[in-house]
Structures are given as C-alpha cells and as structure tokens.
Amino acid sequence: MIQANGVVICLGYILGLLFTAVPFGGVWVLILGIVGAVFLRRRRITLTKALQKTKAAPPNWQTNPKPIIWIVAGLVGLFASLYFQFRVPQPGKNDISLFVPPGNNNNQEQLAIVRGEVASTPRLTRSQRGQFWLQVKALDEVKKESNSAGMSKGATGKLYVTVPLLQATGLSPGKQVAITGVLYKPKAASNPGSFDFQKFLKQEGAFAGLIGKQINILEEERKWGWWKIGERIVRSLVRGLGIPEGPLVSAMVLGSKAVDLPYDIRDLFVQAGLAHALAASGFQTSLILGVVLGLTRRTRRVTQFIVGSFALILFLSLTGFQPAVLRAVIMGFAALVALALRRKVMQLGSLLLAATLLLLYNPLWIWDLGFQLSFLATLGLIVTVPPLTQRLNWLPPAIASLIAVPLAATIWTLPVLIHVFSVVAIYSLPLNILATPFISVISIGGMISALASLIFPQAGSALASLLYHPTHLLIRLAEFFAQLPGNSVAVGTISIWQLLAIYALIISVWLMRWWQQRWWFASVIAVALVLIPVWHSASSLFKITVLAADTEPVLVIQNQGRVTLINSGDEGTGRYTILPFLQQQGVNQIDWAIALHFQSDDTSGWLEVLQRLPIKVFSDYSATPDNILASQAIQKELPKSKGIYQPLSLGQTVNTGSAVVQLINDQLPVLQMQIQNQSWLLVGNLKPDELRQLLKNKALPQPQVLWCATESLKDLVLALQPQIAIAPNADLDPKIFSELSQNQTKLFFTGRDGAIQWTPKGEFEAFIQASENKASVL
C-alpha cells in the first residue's frame, strides 16, 4: 500500500508540472484528485454493498490507495505548479541584462568591457565563432573618445558569449577574463517554427548575450576540473581515430553536449534518426554497470556497490550533469542498492522515483527535451519491449531484441518528436535495427579506450584506432539512409491535445487488455490523429506569410496544398527561417519558386532549401552577369529534384496557381502580384533618385499591400496610399513615424513584429503579437 500511495503522489507531482502548460494547471490537477477520490469512495461503497448482499468475502482494499491519497496527490500537483513558477529564472538585482544599452538592439553598437569567469569549455558555432558561458563579476563602460575602460559597475549573472575563433583558443573553465564587445538582449522567435533564442537563454538562466571582439586574460592559471579529464579522453580518441570518427566516438561515450562534435555529423545523425546515439544516457550507464559488475563478479557485494558507484559518479561528472544522464545514473544506483540488499529491482518504480527526484531538484527539466525523450524511451523499454519480444518469439531471440528495443523506444518518443520538430524520419526504425550492433561495439570499445587514456594516453589512442572501421561504417550507413528519397517527411505541428490523445492510446494499449488485443486499431487512430488534420488544413488553407528575413522580402503563399516561395535570402535565412517554417506547416514540396535578386546575387539560401525540399518550377530574372551566374548555380541543382527552370522576363505574367506575378521594371527590383483580388507590390532597395524618378513618372501601380525597404517607406506610402505597408525594420525618425501615423495605412515591421500573416477570413496579424497574446492567456 505504501508503494501504491507513493506512485500516486509522484504522479500527482509530475502531472502538476506538466499542467503548467495550461491556464490554472495546478487547480485542474487538484480537481482531478478530488474527482478520483470521490469516484474511488463511491466505487468502494457500491462494491461492498453488492458483496454483502451475496454474502461474499469483502475485498482487500489495502492493496489500493485510499481516497485521501488522491486528494493529497492533487494538492501535491497544485504545489508543483506553484513551485515551478517560483523556480522560473528571473534576472537578479544587478543582472548583466539590466545594463544592456537600448540602442544595441537597433544596430547602434555601444562597446562594454565585461569581466568574469569562464564557466564552460569553448565550442564552435555554425558561424565559425567560439562560444562559451561567462559568470559575470563586473561591467566597465567604454569611453567613446578613447575606447578605454571607464566607470566600473558591480554586475552579476550568466552571459552567452561569442568571440572570434582565435580569441577563444586556449580558454578553459575557471579563467578570469575581460571581454570587450557589444551587449545585447536575445530576441524571441520572429517566425513560426524558428528557434527561440530568448527562451533558450532563459532556460539556461541567462538573459543577455555578448558579441565579443577582444579577450584579455586576467589570470593564466588553469584550474583543475572534470573538464580536464574529458579533454584528455577526447584528445586521445581523436589522435587514434582522426576526424570525424574521433569526435563521434567521444560523443557516443560522453554525450554530444560534452564534446565539440562537427555540425555536419550532428545534423546527419539527427536527420537520419540516430540522434539518440549522440546522447549519453541509459545505454552507456547499462554498459558501464555491466562491465563493472562483470569484472567484480568474484568480489563481495559491498565491493561491487562501491566500484559501481564510483564508476557512475565518474561518468556523471564527465558528461556534465545532463538531465538524461542523471536519470540513468539514479536508476543505476537503484540497481546497485537492490544488488547489495539482494532484492529485485522494480524498474518502473525506479524510473518514477528518478524522475520525481530530478524534478524536485529542478522542476524546469519537465520541459527539457532530452529529459522527456530519455524518460519516455526508458519507459518504453520497460513496459513495451517484453510484449513486443513475446510477439516476435518466432524469430531468434537476438534478432527479436534488435527489433523490439528500437521499436518500443520509437513508439513512446515519436509523438513528442513530431510535436517539437514536425518531421518524421521514415527509415529511422530499420536504420536503428542495423545500427544497434555498431553502436554497442563502438560504445563499449570507446569506454575501454577512454579508461585506458586516463592511465596511458597512447594506449587509449591505440585501442581507439581499432574502432575506426565500425565507426566509419556507421557514418556511411547514416549517410545512405539520409540520402534515400523521402527520408524525412514534414507532417506539420500537432497540438497539445493531439499529443495527449496519442499518449492516451499508447497508455491504454499498455494497461488495458481490451486495447492490447486491438493494438492495430489504436495504431490506426494515432496515425489518423496526425495525418487527418494535416490533410484537412493543406486542402483548405489559403495563407500568405511574409517572413521576418532581414532586408529582403520572403513570401510563402499556401493555397490548398500548393506552395509558392518568393525569394530565399542568404544561407542563414534558408536554414533557420524558411525550412523550419515549411516543416511546421507540413510542406514537403515547393510548387513554384521565384527569385528576384532584390538585394544581392547570393544563391546560398536557395541551395539550402533545394538540399531539403524539391522545387517543381523555378523562375528568376537575370539582368546582370552576376544574376546569370547565380541563376546557373541554382539550375544545376534543379534536376536532382526533377524541377524545371522558367525565366522571368519584363512584362511577362506568371500564374503560379496561388498568385499572378509580373515584373514591371527591367532595371529595378519591382514586382507586382495579384493574390485573390488583392494587389501586392514588392519594391526592393532603391536609390533616392531612382525612387523619385519612378514616382515622378507614375510608373508604380497603386497596391493594397506594399512591401518596401525602410528607407523608401515614407515616400511610397504617401504617394501610393496602400492599405497595408510592410518594411523590414522600424529604424525611422520619430517625425516620420508621426507623419505616417496620421495616414490611413497600417504599418508592420518584420524586424519588430516578426512574420506577418494573412488569410481571407482574417486581418493581417503579427506573429510576435499573436505569440505574446497566447502566452498571456497561458
């Protein structure tokens, strides 16, 4: 009974944290606890009366929690929701974010000197800069006239720092440094599906960033830390295996967060569906305990417990106290305690206890993706692998286990992955079945090599070199599956209610016999819950989205499953803005793409998009030799997706099925579009005299919706009088703002408001404002 009571109370606490995603979540958990208590009490009374009439023996109620326990669990859930809010990071009294000059977010850079202690090992970013965390101790203002340090202020907090790569060389945790650079506050996501940098920093307890330009080391001494051991292991493995095999094996042993793994390998494994191989968690913990217990099997249980505990603590220290590793280590300790006391390990109870202890330590981990996936995958291995293995008993046990383990983990983690990333790796299951033997061999060999490198680095390198061929084959296997047609399919974002319904089906199949016999029916319902809303939305949706993409207009027109993309920006815009948005919308093909070369001849954005999505028809206007070269680079990639090229010429009308597009000037970037009886005009960056000449000659039609460069906004709005005007940023003189505000034109700035969306049934809506309204409701 004590065990059942504990389970209910732990579940109440976890449920209370999960319900922080809905308004008054803790109150709802309390109501559920009260309803459960009332239902259980009535059930007891009804069943007891029925048994008394038949003179049957009364049931043994001691095996089930009492009704009061359900009320206690509801109160614990209410406490959990309040505790979560209490633990949400907030800037301190002297937090460095409070000293960020307002102008730094408007391209008016004001230098500062931040002094503090390096708190992490520098890593390489995608933009080839060094990145690390800094524990701030003081802030020195920089005198503009001399660029020297001025008044010093006492500042605290955690700071996200990026510096030129050479400046980060030689930095290590514990060093005292003074960094000259530009402080800034992180921005929230500006586009649907894009990365929320502000949320990421807040989860890490930081509220500001620093673009460093120069580092002065104040203290040369290299303090000892666990990072030194990890650095020694990584260096030994890389020496024996080379790159990328060495960093990959290091990541499989210590976890990708403890290793600076090349981004191409990281992206490859994520795209192929092998991201779990890079995350240190339960698999590595099981291997460590298996090796330790195997080597100490002839010793006393106390010795096994001590050696096993030391190995787990060492592993935890090297990986950097990640939530997934902490969960696995706690369960490992539970197994050691059960071994020492000669008791059977209750795996499900150990998992629930580990999750509760970790969430008591840090309730914010409930929304950590690594924690969620680790918990769900382990739950799947505990409760779903046995029935799957039993159904596969016609296969040899080793093969049945190879299939059951990745299938069980996929069943329990896939709904969360779809909810977060909106993409399904189609070949993930067969790839994991084939890759599991390689991962096992590499992980075991990597741990042995790592242990040897701590004693004698050359020996560790020699042992690691034996892992080259299996590691190389694993990379080639991932590349093969990643290049298969339809490797990843965007299914769109599923709502929280769809997610809960799918997990309700999975839990029903786990606990209820009726559903266990009809598991195929539950599977069909789960798939329908994902695909039917996506299909209905795609077949009926008409939406125009102007993405926040620096100084170039990037438009996505969705018309009943047909997608038109106008412009792509640079590589960063293609990778971090366009592709995440299209994935979130469940788009797997672009029907028509139009490149206008508004600001430059950079094709990297289009090439980034073409690597992930096929384009059926590509059109552009090539007026200069640079335009022509840019166009040819894209045309070379089109045949890979069976796309065709159609040039865009002056005066030519192109009907994409979603919009009628016409280029109205052969020298200047001006494009007219007709979208559902609505006239749009896109005007690129024009010189003042070019703009004056166009307006003087009345060469521009009067649109309902205008997109233009911020510098041209005043003249174009006053001359054309559009209903809606959209510009990249709001860097306008207050007088101009005042003059434009007296006009009937409604102004949007993508740099300030984020993406702008329009549907025929609604008004133009700013993404950031809509997100803030939603957050305020929650």
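Two strands pair if DSSP finds at least two bridges between them. Helices (H or I, at least four residues) and strands (E, at least two) are DSSP runs, numbered from the N terminus. This is a predicted model, in which local features need pLDDT of at least 70 and side-chain atom pairs count only at pLDDT 80 or more, while totals for chains, interfaces and linings use all residues. Residues are numbered from 1 along each chain as its sequence is written, and side-chain values use heavy atoms, without hydrogens and water.

**The sheet**

An open sheet is built from 7 strands with mixed pairing, in the order β16-β17-β18-β19-β20-β21-β22. The edges are β16 (653-655) and β22 (746-749); each has a single partner strand, so one side of each lacks a neighbour in the sheet. On average, neighbouring strands are turned by 20° against each other, direction ignored. β16 and β17 (residues 660-663) run antiparallel and are joined by 3 bridges. Thr653 has Gln662 in β17 as its bridge partner. Helix α26 (residues 713-720) packs on the sheet and touches β19 (678-683), β20 (705-708), β21 (724-727) and β22. Its direction makes about 160° with that of β20. Contact here means heavy atoms within 4.5 Å.

**Helix packing**

Two packed helices are described by the angle between their axes and the distance between the axes. Axes are lines fitted to C-alpha atoms, for helices over the stretch in contact; angles run from 0 to 180 degrees between N-to-C directions.

| Helices | Angle | Axis distance |
|---|---|---|
| α8 (263-272) and α18 (468-482) | about 55° | 9 Å |
| α11 (323-340) and α13 (369-383) | roughly 35° | within 7 Å |

α8 and α18 are therefore oblique to each other (under 35 degrees is roughly parallel, over 145 roughly antiparallel, 65 to 115 roughly perpendicular, the rest oblique). On the α8 side, Ile265, Leu268, Phe269, Gln271 and Ala272 make the contact; α18 supplies Leu474, Ile475, Ala478, Glu479 and Ala482. By class, this contact of α8 with α18 has 8 nonpolar, 1 polar and 1 charged residues. Ala, Val, Leu, Ile, Met, Phe, Trp, Tyr, Cys and Pro count as nonpolar, Asp, Glu, Lys and Arg as charged, and the others, Gly among them, as polar.

In the second pair, Pro323, Ala324, Arg327 and Met331 of α11 meet Gly370, Phe371, Ser374, Thr378 and Ile382 of α13. That contact divides into 5 nonpolar, 3 polar and 1 charged residues.

**Aromatic pairs**

The whole structure holds 21 aromatic pairs (rings of Phe, Tyr and Trp, its six-membered ring, with centres within 6.5 Å; planes under 30 degrees apart are stacked, over 60 edge-to-face, the rest tilted). Phe197 and Phe200 form a stacked pair, 6.4 Å centre to centre with 20° between the planes. Both lie in helix α5 (residues 197-203), 3 residues apart, about one turn of the helix.
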